[in-house]
Amino acid sequence: MLALAFALACDGTAPEDAGVALDAARPPPEPASTDHCAYAPLPPTANAGGVVSAGAIEVGLADLPLALPVGAALGGNTSRAAPIENQGWVDRREVYLSGSFTPSVGVETIPRVKALAIRAGDETVVLIRTDSIFADDTITHEVTERLGPSMAGKVLWLASHTHTGPAQYSADTKFQVGGGPVRGSVRARLIDRMTEAASRALGAMVPARIGIATATGFDPLDRVSYDRRPENDALHPGESGKDDEVALIRVERADGTPLAVVPIFGVHSAILDDDVSVFSTDASGMYDRLLEERFDHEVLVMHLQGAAGDVLGASEGHLAYRGDEPRWDFARNEENGRWAVDALYALFERAGEAMRDTIELEMVTRSVPMGPDWRTFTVRDGALEYAPWDGARECDREIFSASGAILSPIDEFNAPTGAALCGDLANAMLDIARMPNTRDLPAYHSCAQIARATQILGILLDFEFERAPLCVSTRTTLTAMRLGEYLFASAPGEPVVPWARGVRERSPWGRERTFVLGYAQGHVGYVLGPEDWLAGGFEPSINSWGPLEGEYLGERLLELLALAATDAREDAAAGGTDRVVAPTFGDGLTPAPDPAPQAGTVPDAVPDEVYVRGFVRPTRGQPEPAIPRVTGVARFVWIGEDPLGGTPRPILEREVDGAFEPVRRRSGRVVDDGDLILIWTPLPLRAQPAPRTHYWALEWQAVHWAGELADRPSAPLGRYRFRVEGTGYTVTSDPFEVVPAPLTVSARAEGDAIAIDVGFTPAEGWRLLRMSGLMNQLVPLDVGPLTIELHRGADVETIAGVALEAPGALRVTPASAAPVERVVVIDPHGNRGDARL
């Protein structure tokens, strides 16, 4: 890892010379040609020259739906490819947009694009966060160009790394194997939406103040995250193996009104299973949602990833599954987020003690070369390097010296156009693409040369790959930002914890005042140092240029941090190289959107093929007239638009003083996702020459949309309806009545007392009701006090203010010895149930 690498460099222990000799009869190898790639100069850094000094702060914000089409493949899991595992397929629907990958079928939480623009004096920067799997350099540069020369080098794109967000936009075609074939229309929409968000933020500047707070030892009980990579434990002796150092940026108006909160820590946003096939912002989006609802007005919250490469989100399962029911356990996200939110809000309050109305601000960005020239990756002042890559020379199979140092030059990694799937995966998936003489060699055995691997995978997955080396893999983009007393460094991929700590420890401002931002600007895969890469495991399987790639990136990033730390405004682009220009991508066989002459029609009878979550299928388009709290699910089905032409926005409404109005959360945001699940079905399922009819189904479990878990059973009683804002139409459901929930009660005599067990049984539910247990079986009631009625024929004895002894358990002692026939339990919200004794 980089931390160990730097330690070795500091104590003078250099890797030992492997003494690799080249075949004198063979001409010296040359790096593979990149003549098929298009490049363009990186414009000079805007605002270069002059001095960095504290300037008056202004900020602008934007928060928009990402607006990528339902039907697109979700990013992050090759298991969603039909020829691999076919995870997430819910029926036999044919969707050309997603190719051989599972199509998304709806929305649980709307993927968003958020932008935070900051101006301090004569420097302006913009941070863009998308709910997507990763960034792409070519998109970063295209958005920057659209924003104009004044923003050159001043745009930082960060992805949340949700594994349930729309993909199919990356120009790095090797990543099609994790998110479906790249589609030009999806890519264009993403670029448009990012540009719009950034432009809105830049055009909405107001005077502001900024404060930054940091904390160590975050989540010591591993309720939020945990270290998933035991292979590198030796590289962080005495320290946590997860990203437990948190930074938080607080932004407020000049009058102290909160505007934005930016928590920074690493956790893989992949809590949901790979058979989830609806858009969800996963854990990262849940941190945003829960922090947003700590305020009584709209505050922009955008969680930024840190060193999440080897850190997984923690949660327990909250649903019992029947048969082959998909594991759409969204309650896991909320449980994870609730364990985090109190500590994050406390850090927000601490940041309030460090507010500034002037601040030093600088951002520097550079394009750096990657492969295919092996000499690029010479690191540690020449102590580690690759032997030339010719693709034919057999390695000596000697990785470490007797003292445990890495032997150099490294001749085992011999892939002229890069290799992937390394790390000693249990079975080498592509034997024919193996590097010379590396069979059964630790860390290298499973490596597959990209030039050969893409030929095989292209046939298997029906993809088109460009000629190797893949052009986007020949460059990447790095950014460093100075904000007051802190430095922030972008990692173009998935940084593991030891690598990130190594960068921070070598930063000119030290570990305590430097933070790494993961999944930023571009994506090379996992970012880890040589010792970490050679330890094997999963993480080395996803990158292109072998064990020295991460170390090289760390050294280049430190050069940028050194620029950002000075008081001079430098042209960082001048010290780098040109950038990749993406080709134009098409849409395969994807047709134009179907016309929708019936959009806005509510069917009397719903076809059997219309898909909804769970096993209950709606038979009618309108909701049932009465929906019990907690245990009831309101469903609404209508005919709408082809998702290629737009996505309908459903809104929950409630009748107040005789008129329906949108239901709003504490922050004032309308309930249009999270509480609702939206699902799309095209009929017929198989594509036909004639236009298909597109059905949309909406579900709401009748729980409260605001407050704490204890408030979930207290949704206001009364009349509700759904209103849908579609593409060119609006439709509303019939009103339905939310009524008290039925409590599940059992009672038994225990001596002079009566023992009572009480809870909810939301068999079709999915929402989190308490922090542990299954949410679609008996959920113990844990809110009191309760009112108990003891019925003896016509006589009723009422006992008020009864406390629970344990969740779902209480005991009462009747005032009379007369036999009790029936027990009624009423909770504080008027929900009630009864049982015979």
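Here, buried means under 20% relative accessible area, with exposed over 50% and partly exposed in between (1.4 Å probe, protein chains only). This is a predicted model, where local features need pLDDT of at least 70, side-chain atom pairs count only at pLDDT 80 or more, and totals for chains, interfaces and linings use all residues. Residues are numbered from 1 along each chain as its sequence is written, and side-chain values use heavy atoms, leaving out hydrogens and water. Helices (H or I, at least four residues) and strands (E, at least two) are DSSP runs, numbered from the N terminus.

**Helix H2**
- H2 spans residues 137-147 and is mostly covered, with 8 of its 11 residues buried.
- The buried set is Asp-137, Thr-138, Ile-139, Thr-140, His-141, Val-143, Thr-144 and Leu-147.
- Strands S5 (123-130), S6 (155-159), S18 (475-483) and S23 (579-580) are among the elements covering those residues, and so is helix H3 (184-202).

**Helices H7 and H9**
- Trp-499, Val-503 and Arg-506 of H7 meet a set of H9 residues including Leu-553, Leu-557 and Leu-561, contact being heavy atoms within 4.5 Å.

**Strand S4**
- S4 (residues 112-120) is mostly covered too: 7 of its 9 residues are buried.
- S4 runs antiparallel to S2 (residues 55-65), joined by 9 bridges; strands pair if DSSP finds at least two bridges between them.
- S4 also pairs with S5 in the antiparallel sense, over 8 bridges.
- The S4–S5 hairpin has 2 residues between the strands, and Gly-121 in the turn has a positive phi of about 65°.
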